[in-house]
Amino acid sequence: MEHPDASLNISAVERETGLSKDVLSIWERRYGFPRPGRDDTAERQSAGGDVAKLRAITRLMDTGLRPGKLIRQSLEELNALAEKRIHPRRAA
């Protein structure tokens, strides 16, 4: 797992999360997340913490949840929800 302060370019984010560049751009416009910075060549750079949150959202989407319901939650909330949905016996 990358350091929360590390930044990854859009291609690396795509590889790490399984979300296409197009989906990431749509979410940026629609939900205001992720909010990548730009490097000297204007390429998107996402923080490692954002990538961790995107991974958690992707994991929860695989259980049938929609991104609009997940994107506003913190990484901690997403991980707790994933624990309940993906590993219900552990959460009990």
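**Entry 1: helix H1**

I take contact to mean heavy atoms within 4.5 Å. Helices (H or I, at least four residues) and strands (E, at least two) are DSSP runs, numbered from the N terminus. I note that this is a predicted model, in which local features need pLDDT of at least 70 and side-chain atom pairs count only at pLDDT 80 or more, while totals for chains, interfaces and linings use all residues. Residues are numbered from 1 along each chain as its sequence is written, and side-chain values use heavy atoms, with hydrogens and water left out.

I then asked which residues of H1 are buried. They are Ile10, Ala12, Val13 and Thr17. Buried means under 20% relative accessible area, exposed over 50%, and partly exposed in between (1.4 Å probe, protein chains only). Viewed down the axis of H1, these buried residues lie within an arc of 155°, so they line one face of the helix. The arc is that of the directions from the helix axis to the C-beta atoms.

Asn9 caps the N-terminal end, with a side-chain oxygen 3.1 Å from the backbone nitrogen of Ser11. Just after H1, Gly18 has a positive phi of about 80°.

**Entry 2: Thr17**

I looked up Thr17, which belongs to helix H1. Its relative accessibility is 7%, and Thr17 therefore counts as buried. A polar atom of the Thr17 side chain lies 2.8 Å from the backbone oxygen of Val13. Leaving aside residues up to four places away in sequence, I found that Thr17 touches Val51, Leu54, Arg55 and Thr58.

**Entry 3: helix H2**

I next listed the buried residues of helix H2 (residues 21-31): Leu24, Ser25, Trp27 and Tyr31. Why do they lie on the same side of H2? They do so because they cover an arc of only 165° around the axis. These buried residues pack against helix H1 (10-17), strand E3 (44-47), helix H3 (48-61) and helix H4 (67-70). On the face turned away from the buried side of H2, I found the exposed residues Asp22, Arg29 and Arg30. Just after H2, Gly32 takes a positive phi of about 75°.

**Entry 4: salt bridges**

How many salt bridges does the structure hold? I recorded two, a salt bridge being a side-chain nitrogen of Lys or Arg within 4 Å of a carboxyl oxygen of Asp or Glu.

Arg55 pairs with Glu16, their closest N and O atoms being 2.6 Å apart. This pair links distant parts of the chain, since Arg55 is in helix H3 and Glu16 in helix H1, 39 residues apart. Arg55 is partly exposed, with a relative accessible area of 24%, and Glu16 is partly exposed at 39% relative accessibility.

Arg44 forms a salt bridge with Glu28, and their closest N and O atoms are 3.4 Å apart. This pair also links distant parts of the chain: Arg44 is in strand E3 and Glu28 in helix H2, 16 residues apart. I noted Glu28 as partly exposed, at 21% relative accessibility.

**Entry 5: the whole protein**

The secondary structure comprises six helices and three strands, and along the sequence the pattern reads β-α-α-β-β-α-α-α-α. Of the 92 residues, 33% count as buried. Among contacts between residues at least 6 apart in sequence, 46% join residues at least 24 apart.

How values were computed:
Polar contact = N/O pair within 3.5 Å; in protein donor to acceptor, adjacent residues only side chain to side chain.
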